[in-house]
Amino acid sequence: MIRRHPQKLWSEVREGEALAPLRFPVDYARIILNAAATWDYFPGHHDPEYARSQGQPNIYASTILFHGLIDRFVTDWGGPLTLVRRRRMRMVASVYPGDLLTTEGRIVRCYREAELGLVDLDISLKTTRGLCVPASVCARLPLGHDDSLSQPTTTTP
């Protein structure tokens with residue numbers, strides 16, 4: 001499935017604007033394949049017995065799954081020319097197979113720095129049990145339609 005997201009321009013976004021929520025189902029395959037794809041072979045991400053020995057009810061999602069989901073959330077909202085410049089997050093609760101992660105966000109600051117259009121976002125990942133991952137992101141958006149960031153670049157040999 002191809003997702004097409006229009007490009008947001010820095011000149012069009014406002015502080016306080018809410019981002020459309022992203023719902024992300026988590027199942028066994030998602031957790032195990034994410035851990036395998038990132039070479040994170042820690043047994044808590046694929047071995048239910050080991051996870052239970054740690055006091056967990058089941059295997060649980062790895063940190064890198066959250067990094068990827070946060071980046072996807074920001075670039076789906078901002079569009080294909082959006083650049084995540086900084087991401088900070090804190091894991092406060094585990095995510096297990098069968099959970100539905102809901103990612104929500106809000107623009108907290110729009111500013112310019114060295115001719116860049118920057119946006120600070122507060123983001124939260126939640127399950128039905130509550131908050132799992134609070135995060136903040138600084139993203140770069142094209143300033144406007146004439147921003148060189150939005151122009152294709154070519155190189156000549």
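pLDDT is the predictor's confidence in each residue, on a scale from 0 to 100. That score matters here since this is a predicted model, in which local features need pLDDT of at least 70 and side-chain atom pairs count only at pLDDT 80 or more, while totals for chains, interfaces and linings use all residues. Residues are numbered from 1 along each chain as its sequence is written, and side-chain values use heavy atoms, with hydrogens and water left out.

Across the protein chain, the mean pLDDT is 90, and 90% of the residues reach 70 or more.

Now for the overall layout. The protein chain has 3 helices and 5 strands, and reading along the sequence gives the pattern β-α-α-α-β-β-β-β. Of its 157 residues, 40% count as buried; buried means under 20% relative accessible area, exposed means over 50%, and partly exposed is in between (1.4 Å probe, protein chains only). If we take contacts between residues at least 6 apart in sequence, 67% of them join residues at least 24 apart.

The strands come together in an open sheet of 5, in the order 1-3-4-5-2 and with antiparallel pairing. Two strands pair if DSSP finds at least two bridges between them. Strand 1 (18–25) and strand 2 (83–89) stand at the edges with a single partner strand each, so one side of each has no neighbour in the sheet. From one strand to the next, the twist averages 25 degrees; for such angles, axes are lines fitted to C-alpha atoms (for helices over the stretch in contact), and the values run from 0 to 180 degrees between N-to-C directions.

Zooming in on the sheet, strand 3 and strand 4 (residues 116–127) run antiparallel and are joined by 11 bridges. Here arginine 106 stands opposite aspartate 122 in strand 4. Serine 124 is also found in strand 4, and with a relative accessible area of 14% it is buried. Apart from its neighbours within four places in sequence, serine 124 is in contact with Thr102, Thr103, Glu104, Leu131 and Val133.

Strand 3 covers residues 100–113, and glutamate 113 lies in it. This glutamate 113 counts as partly exposed, at 40% relative accessibility. Leaving out neighbours within four places in sequence, glutamate 113 touches Arg85 and Leu118. Alanine 114 is in the loop between strand 3 and strand 4, and its relative accessible area of 71% makes it exposed. The phi of alanine 114 is near 50 degrees, a positive value in a residue other than glycine. Why is that worth a second look? Because most residues other than glycine have a negative phi.

A positive phi also turns up after helix 1, at tryptophan 39, where the value is near 60 degrees. Tryptophan 39 has its place in the loop between helix 1 and helix 2 (48–53), and it is exposed, with a relative accessible area of 70%.

Helix 1 itself has two contrasting faces. Its buried residues are Ile31, Asn34 and Ala35. They cover an arc of only 95 degrees around the axis, so they sit on the same side of helix 1; the arc is that of the directions from the helix axis to the C-beta atoms. The buried residues of helix 1 pack against helix 3 (63–78), while the face turned away from the buried side carries the exposed residues Leu33 and Ala37.

Finally, what about the cysteines? Cysteine 110 is buried, with a relative accessible area of 19%, and cysteine 138 counts as buried too, at 3% relative accessibility. A disulfide is a pair of cysteine sulfur atoms within 2.5 Å, and by this rule the count comes to 0.

Conventions: Helices (H or I, at least four residues) and strands (E, at least two) are DSSP runs, numbered from the N terminus. Contact means heavy atoms within 4.5 Å.
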